[in-house]
Structure formats: C-alpha cells, structure tokens
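Good morning, colleagues. Please bring up the sequence and the structure on your screens, and we shall go through some backbone details together.

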Amino acid sequence: MTLSLYHGSVRPMGVRRLSAVIVAGVMALAAVLLAPRPAVADTPWLSVSEDGYASFTVPAADVQANVGQVSQVVIEGNFGPSSAWAEFGLTRRGDVWSGILGPLKPGLYYYQVTGDDTKGLKDPTNSTTVASKPLWSTFLVSGDSARLLADAPEGQGGKVETLTYRVKTEERSALVWTPPGYQAKGKGYPVLFLQSGSDRSATDWFDLGRAKQILDNLSAQGAMEPMVVVMTDGRGPDDDKDLKDLRKAVGDAYRVHRDREHQAIAGVSEGGSQALRAALTGPGQFAYAGSFSGLLTEIAGGGPGPRPNPGAKLVRLYTGNVTDPAYNATVRLTKALDRARVRYEFDGVNPDAGANWTAWQENLIDFVPRLFRKVSDHGPSAGHGQLKGEFTPPPAGTTPTPFVSEGGFVTFETTTDFKDAQHVTVWANTAPGGSWLRIPLSREGDRWRATVGPLDPWFYYYKFIVDRVSVKDASNPTKVTTEPTWSTFLVSGERSRLLSDVPAGQGGKVESLTYRSNVANADRTALVWTPPGYDPNRAQPYPVFYLQHGGGQNYTDWVEMGRAKQILDHEFLDGKLVPMVVVMGNGNTSNFNKELLDNIVPAARAHYNVSSDPSQQALAGLSMGGGQTIGVLKAYPGRFAYIAAFSAGFGGGTGVDVEAINSGTKLLRMYVGDVTDFVNPSFMAGLATMDSLGVHYEFDGVTPGPHGWDVWQKNLIDLAPRLFKR
C-alpha cells in the first residue's frame, strides 16, 4: 500500500479506481487537463457579493471558442428549491452573457456553464475543481449557518492522504483524514468509514461535501473525538469484500483501533444502505452507523436487508424532504426496524434539502460529534420534522396540473406529446426573490415529470421548455393573455393570503370597459374593479386609481398576473382600503399622456361614479407604466395627487416644476426590486436626481426580488392602503 498527501485542489496522482463511474470520471478529467484551454480571462466570470448575490458575466467569444455558436447559455447548479440542480438562464447583452441570481443562502454551490442544453463549459476563471465532474466549479457563500464549511484557521486542520490498497489483484484507493496532532505511534484512534455511494467518488466528500473543512472545524472546536476518517468510492451492496480489505489496510497503515466498538461507518445513498448492512448484519462490524439518504427498506427476512443486531451503539437515519428518493425508503425502513425492535435514532425530515450534498454536509456535521462518546441529545435536528407516510403524487395523466401537495411541494407533468423530446425543463419563478429558474424534468414513461419544493406560499407562473421551445402546460386551465405559453398556480398559506380568492360573493367586481382611443384610432379595453357595495348613484363620487401595466403587457396583466382583484378584495375586507374604483387601462400607445387624459379618464368618468377632483385621483404603473406615470407627473403636476412608480426611475431633471409637484402631490412613492431587477441602477440614479432637485417623495426601500410580478404584487399590497388618506 502507498500513501500520498492530498493538498487542496492537487489531486492524488497514479491512483487507479476500478469503479466504472470513477474511471470514467478520471478519464474525463484527464481529457480536460490535456485539451487546449482558453487563456484565463482578466475578469472573473463569477462574482459573489457579501449579501449572497451571484453575478455571472460570461464572454460570448469564449463560449463560441469552446463550444461553438449557441442560441442560449445557462448556468447549471444547485440553485433550485431544496438545493436541487437547476438552470439559471443568462441574457445576451452585447458581447457577454450575464445575469444576477440571489440572494443565495450561506452554503457551498457548484455550477457549470452550458450552451444549448448539451454543450458544457467549465469556468476557466474559477480555480476550484471537482475531480469527478471536470466541468464543475464551486463557490462558498459565507454566513453563520455555513461557518463549518469555511476553511479552518491556518495550522489548525488535519491532514488528508491517499491510501492505495489491494483487493485480490485489484488496486483501489481511499482518502484518509487524520486529526491535528495525529501520531503514528502511541494510543490508537477510533475510525470512521465514509462511503460515497455507487454513483459518486470519494473525492466528492472533499470537493462537494466539504468533509475536510467540517472535520477541521469540529476538531478545532473540541466538538468531536479525535478520530481517523476514511472516505471511499461506495459501489453498492456487493462491496463487503472491499470493505473488509479496506479495514485491514487502514489498520495496517494507521494507528487505529480494530475492534467494532471503535469503528463507525456512514454513507450517502447506496453507501448509507451499505453502512446499515455492515452494522446490523450478523455479528456486526461497526458499533456506529449512519445512513444519509440511504435506500435500504427492509430487514430480517425482507429480502436485501440485514438481520437485527442489538449490539450497535448508534444507528442514526437521515433523510431529506419528499424530493429525496430516500424519503419513502426511510418510511418503510423505520417501520421495519420498529417491527424488528431494532433501536435507532432518526434525525427527522430535513425540510429544506433533498438528496444532495447540502443535506449530507448537515448530516456529517450532526453525526460525527455523536461518535465514540456519550451524548445527551438523541432527537432530531432543530427544525426537522416527522415522517408523515409515503409521498405519492397523483398517477400519470391526472388533471389539472400541476399537483400542489402539503408543504408546498409541486409536481409538474407534461402530456404525452413530448415523449420523443431530449431535454425538458419547467421554467418558473422559484428562485430566491422570485427570479426564474429552469428545473429539469425526468422522463417517466411517455411523459416528463418532476417534484419541486418546498415552495413558499405565493403565486407562481411557469411554462415548459422542450428542446429550447416554450410550451404551455395544456393540462392547466389558467391562462395569461399576453404570454400564451404561461400557466399559473397558487401555493396556499398565510404568506399568500392576499393573493388568494376571497369567499364567493364577498369580493368586488371586475368588468370590461370599452372606450374609443383617438390615439390608436380604434376601440380599446380597460378592466375596472369596483369595491363590494359599489353604488353608481352615491352622492359622493368614488376616488379613482389608474393602474398601468408594463412593456410587452396589456390591460389584462394586473388581473391575470398581478392578482390585483384578490389583493384589492382582501384589503377592502380587512378594512385597510378606502372604497375606490381601480381602472386598468391599455398603455400600449405612442402618446400615453394623451391616451390617459383624453381617452381612459373620460371613459372611466362616463361609465363609473368616480371623482374628477385631483385629490381623489391616483396614478401608478410598473416598469414602462411606471415611466409613463412619472411622465404624467412631470407634464401635468398636480393632476393626480397620488403617484407611484414600480421598478421605474424618475429620469432626468430638466424642465421639472418641482414646486408644482411638491404642492400638488400628496403622495409620491417609489418602489424597486433588488440588484436582480435590471432597472435598479437607473432607479437609484433617479432618486439622487430627485434629492438634488428637492422633489418630495417616499422610497419604500428595496423590495426583494427581480423585475417581475413577485415584486410588483408586493408593491401594490403596500400602496393601495395608502391612497386617499391624506
């Protein structure tokens, strides 16, 4: 056997791995290392802000030089709900593909650049590597919850070596972490064997699992017993001979105890199943066992499982939420263990992670401090929940879709029309703040399906992308007039209460108002919301709020996408809203000022009992509509006493009658999304202009989210109760 030091990103050389998966990974890595590489760009493709926003800027020339001409570029990574693999689409702006994603929770992220679904490219400006995935790079978003994933202070960490050993005539390898102060002579150390799973590499424990950082930090804090940790390529249930030879090789090469009382085993996926078999079968080889998303379901005569062994000191089970394939397996296993009266501990269902390294990092952090010592806490981790029975989405072909399950888990499914497709994703506002991600769907029979979540209670919109073509979910009856391929759904909960329908008969009415446009020289339509109890003959006319859409949208969008009716209904019933009429007109015009003042406003007054008093009139809009609103304010200060702009800046200050604006405007309130909202920089410049001019305004502060409906719904929720109260 041989030993070699494993330093950071320098990989062990001359090690043969006989697992087909790992051999393939090494060959792929060698191909990448030997292939011509583009010169390292002066500017990194990725920058991460202190508050967790990841900004990607990928030169189009580099993409073309490496993978050829492409029509789209995405960043694939563990950005999705439950840290699922997802695609973040970049936008072509000049000579770069760019986009901002976030805020990302503290943790380790891994990603690659991909063009046209299949053309992968490693970020050459990121020096991190993943040995088993040559195209991947990683980055760490720091924060208190990820402090154990950060590098330990210099000189306080352990060492990692490669151990090469033989199984019969085959040469295999393992990675070994020894604790700070480890001595080859003297007292023996307990040992933990970590299995990587049949489709993963031992190096994944370092590149993706951050095992070295976790062990270094736990050791520095005195939170674990000094031990030797051995990481291997798990190859499933037939690996018992390898495990036996590995234990002997470790015992020969390191100062470790060989008795079962000082040996532990854990693993991910099939590696977790192997860990349980090794601890519970026959006399048992290990006193401690941990199953991280393990797939074992039976014991004692149930087929592949082990016989009960009461001698194990600790058997601890871990699983992610229902997106983890181990969730249902764990339900079955706990029942089998209970029937066999095998003692075990359950860490609880991790609500925010599936079967991925985000979950397994947490599992390792919880498991290691429990080894070779007495602990008082045997319950689940904080925030983890109970198993609630197996998760089974509706059968294929059930309509309507998507299927929204308890806890915010959503199952998307296509029809059979795309059975011959090669790449299918669901594009939805599921990223932090409501940004858009593409979640890959898996082929199941003649359909494509995926379960995503947990999604926070809110209003969601989505479409399928089938081989780079946008497709509507034909099994969802919802529609978006201006986006024919979009569908919508609501995840219920207190957070989304204002976006849900009020009980039948208790809300206001939405009616179509047809008016003649002398700007468009055509009949046009507006939608008008009237409050519950609206009286067309009331002596006092109602205040009126003109609410405008954005570019590429129309008068239908505030109802179909903005949930304006639901928001106004709830706020009225909650007693927060002054009874008013809300007019949502068509702003797609070459002269909005004329369209509004000569067409929309007169039509509203002719058909509804609304006031013409400026103090009883409000105007607001989003994006383009916000710009139009500011244009009316500048051109006709005082015509509308209440003004608001959503994701639209003030613009320049030339020719602005500041005194007229300040004296004639009771409320001028400005809204914008965070740095993922592309108008954020110009908006902030507009605030500076307003400050320099002396314009009186209120700024709601940055609304978390992008240039999208998640932000604008929140803006309307904030604005509507402020109108006509000054």
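Asn521 sits in the loop that links β28 (509–517) to β29 (522–530). In this predicted model, its phi is positive, about 55°, although Asn521 is not a glycine. Most residues other than glycine have a negative phi. Is Asn521 buried or exposed? Its relative accessibility is 61%, and because the threshold for exposed is over 50%, Asn521 counts as exposed.

Asp116 also has a positive phi without being a glycine, here near 50°. This residue belongs to the loop between β8 (107–115) and β9 (119–121). Asp116 has a relative accessible area of 9%; buried means under 20%, so Asp116 is classed as buried.

I turn now to the peptide bonds. Most of them are trans. The bond from Thr401 to Pro402, however, is cis, with omega near -5°. Pro402 is located in the loop between α8 (357–367) and β19 (403–405). Gly453 and Pro454 are likewise joined by a cis peptide bond, with an omega of about 0°, and Pro454 lies in the loop from β24 (447–452) to β25 (458–466).

Finally, the chain as a whole. The protein chain contains 15 helices and 35 strands, and its C-alpha trace spans about 95 × 60 × 50 Å along the principal axes. Of its 726 residues, 56% are buried. Among contacts with a separation of 6 or more, 75% are between residues 24 or more positions apart. There are 69 positive and 73 negative side chains, with the centres of the two sets 5 Å apart.

Conventions. Residues are numbered from 1 along each chain as its sequence is written. This is a predicted model: local features need pLDDT of at least 70, side-chain atom pairs count only at pLDDT 80 or more; totals for chains, interfaces and linings use all residues. Side-chain values use heavy atoms; hydrogens and water are left out. Helices (H or I, at least four residues) and strands (E, at least two) are DSSP runs, numbered from the N terminus. Buried means under 20% relative accessible area, exposed over 50%, partly exposed in between (1.4 Å probe, protein chains only). Contact means heavy atoms within 4.5 Å. Lys and Arg count as positive and Asp and Glu as negative; His and the chain ends are not counted. The place of a charge is taken as NZ of Lys, CZ of Arg, CG of Asp or CD of Glu.
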